[in-house]
Amino acid sequence: MAKIDFGGTVEDVVMRNEFPLDKARQVLSNEVVAVLGYGVQGPAQALNMRENGIQVIVGQLADTSYWEKALKDGWVPGKTLFSLEEAAKQATIIQYLVSDAGQMAVWPRLKPCLKDGDALYFSHGFSIVYKEQTGVVPPEFVDVIMVAPKGSGTSVRANFLSGSGINSSFAIFQDYTGRARERTIALGIAIGSGYLFPTTFQSEVYSDLTGERGILMGALAGVMEAQYNVLRKNGHSPSEAFNETVEELTQSLIRLVGQNGMDWMYANCSTTAQRGALDWRHKFSAAVAPVFDELYSSVVTGEETRIVLAANSAPDYLEKLTAELREMRKSEMWRAGAAVRALRPENWGK
Ligand SMILES: NC(=O)c1ccc[n+]([C@@H]2O[C@H](COP(=O)([O-])OP(=O)(O)OC[C@H]3O[C@@H](n4cnc5c(N)ncnc54)[C@H](OP(=O)(O)O)[C@@H]3O)[C@@H](O)[C@H]2O)c1
């Protein structure tokens with residue numbers, strides 16, 4: 001593993017060049033990998049592995065939209081596409097990529113399909129860490145491993161196709177065969193990771209649940225809405241409020257942060273902007289810190305997973321989520337956003 005200095009703390013990282021694809025293929029040469037679930041992560045990981053020369057099969061409930069999607073992607077019923085249970089029985093590595101609530105529901109049917117020496121693979125620490133809630137307690141005769149891509153399945157696939165790679169964290173919860181580590185890293189490389197950070201199931205799930213509820217999704221939407229509403233309340237037009245809140249961020253400033261860091265973005269803005277942002281940054285940080293503390297503790301106590309399991313186990317969970325997203329899309333702010341996006345020259349006439 002490479003030793004990398006992250007702002008003064010030295011951490012281990014597995015780079016693709018020190019564990020190349022040929023080595024991953026060799027480690028996985030006698031394995032059949034079953035990807036269970038063909039939602040968002042499932043297709044990305046399954047297709048990337050297939051194209052990387054790994055023996056892959058897919059398990060998915062038949063006669064669903066996800067089954068149709070698997071057919072379109074070239075998986076063949078009875079050969080490479082099966083029910084969840086059948087795929088698990090045929091495989092030596094079982095990638096459990098149904099939704100987290102789905103993992104709880106399917107577990108009583110999956111557990112009897114596991115064989116001595118199999119590896120049970122997750123892309124999130126959820127089911128294992130919150131086992132009191134999910135009931136997912138693997139038998140002692142399997143490896144229990146994780147590779148968690150740090151991005152949407154859509155990006156896992158897009159980055160693979162563009163020749164780059166997503167970064168992923170990896171962890172070993174149970175090493176029955178003595179091969180858990182090499183299996184995990186080989187799978188991480190085979191699904192298209194550019195590099196892999198070691199973690200534990202618990203650290204992964206605590207940080208991931210906090211991140212998505214926080215800055216990556218929940219805080220992002222909340223802070224944007226708050227600023228947009230203040231501008232509107234003070235008489236600014238929807239287009240002006242949207243441009244100053246979202247469009248300038250997504251089309252210009254956040255790209256500079258991604259390229260070269262926050263100070264680089266600041267340095268490329270006016271000195272007027274820099275002076276104000278440097279001052280107000282501290283006020284915002286102090287204002288939201290208690291909310292982040294509350295969020296982290298809600299993750300650790302299991303309250304967040306309790307809410308997820310209750311809501312996403314309901315038969316109509318997808319309709320409800322879709323309805324809430326529709327409500328967001330139909331708000332004035334995001335309707336203004338659609339109009340602003342349509343004005344980008346590359347979208348003219350679309
Ligand atoms: N989304 C991401 O980009 C992302 C990123 C990193 C990690 N992860 C992790 O990857 C795993 C898979 O997540 P995902 O977002 O890809 O899942 P998803 O799209 O929400 O999952 C859909 C899949 O789960 C199945 N499913 C849902 N509820 C089910 C139930 N009650 N019984 C049986 N199957 C059920 C669906 O099949 P049906 O047709 O049966 O509904 C479908 O195959 C999760 O652990 C997640 O935390 C996801």
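In the predicted model, an N or O atom in the side chain of aspartate 100 lies 2.6 Å from an oxygen atom of the ligand. Glutamine 60 also places a polar side-chain atom 2.6 Å from an oxygen atom of the ligand. For glutamine 103, the distance between a side-chain N or O atom and a ligand oxygen atom is 3.2 Å.

Helix packing was examined for two pairs. Helix α10, residues 201-213, packs against helix α14, residues 271-300, at an angle of about 135°, and the two axes are 9 Å apart. Because of this angle, α10 is oblique to α14. The two helices form a right-handed crossing. On the α10 side, the contact involves Val205, Tyr206, Leu209, Thr210 and Arg213, while α14 contributes Leu295, Tyr296, Val299 and Val300. Seven of the residues in this contact between α10 and α14 are nonpolar, one is polar and one is charged.

The second pair consists of helix α12, residues 238-260, and helix α17, residues 332-342, whose axes are 9 Å apart and meet at an angle of about 85°. An angle of 65 to 115 degrees counts as roughly perpendicular, so α12 is roughly perpendicular to α17. Helix α12 takes part in the contact through Pro238, Phe242, Asn243, Thr245, Val246 and Glu247, and helix α17 through Glu332, Met333, Trp334, Ala336, Gly337, Val340 and Arg341. The contact of α12 with α17 comprises seven nonpolar, three polar and three charged residues.

Key. Residues are numbered from 1 along each chain as its sequence is written. This is a predicted model: local features need pLDDT of at least 70, side-chain atom pairs count only at pLDDT 80 or more; totals for chains, interfaces and linings use all residues. Side-chain values use heavy atoms; hydrogens and water are left out. Axes are lines fitted to C-alpha atoms, for helices over the stretch in contact, and angles run from 0 to 180 degrees between N-to-C directions. Helices (H or I, at least four residues) and strands (E, at least two) are DSSP runs, numbered from the N terminus. Angles under 35 degrees count as roughly parallel, over 145 as roughly antiparallel, 65 to 115 as roughly perpendicular and the rest as oblique. A crossing is left-handed if the near helix is turned anticlockwise from the far one by less than a right angle, and right-handed if clockwise. Contact means heavy atoms within 4.5 Å. Ala, Val, Leu, Ile, Met, Phe, Trp, Tyr, Cys and Pro count as nonpolar, Asp, Glu, Lys and Arg as charged, and the others, Gly among them, as polar. A polar contact is a pair of N or O atoms within 3.5 Å; within protein, one must be able to donate a hydrogen and the other to accept it, and residues adjacent in sequence count only if both atoms are side-chain atoms.
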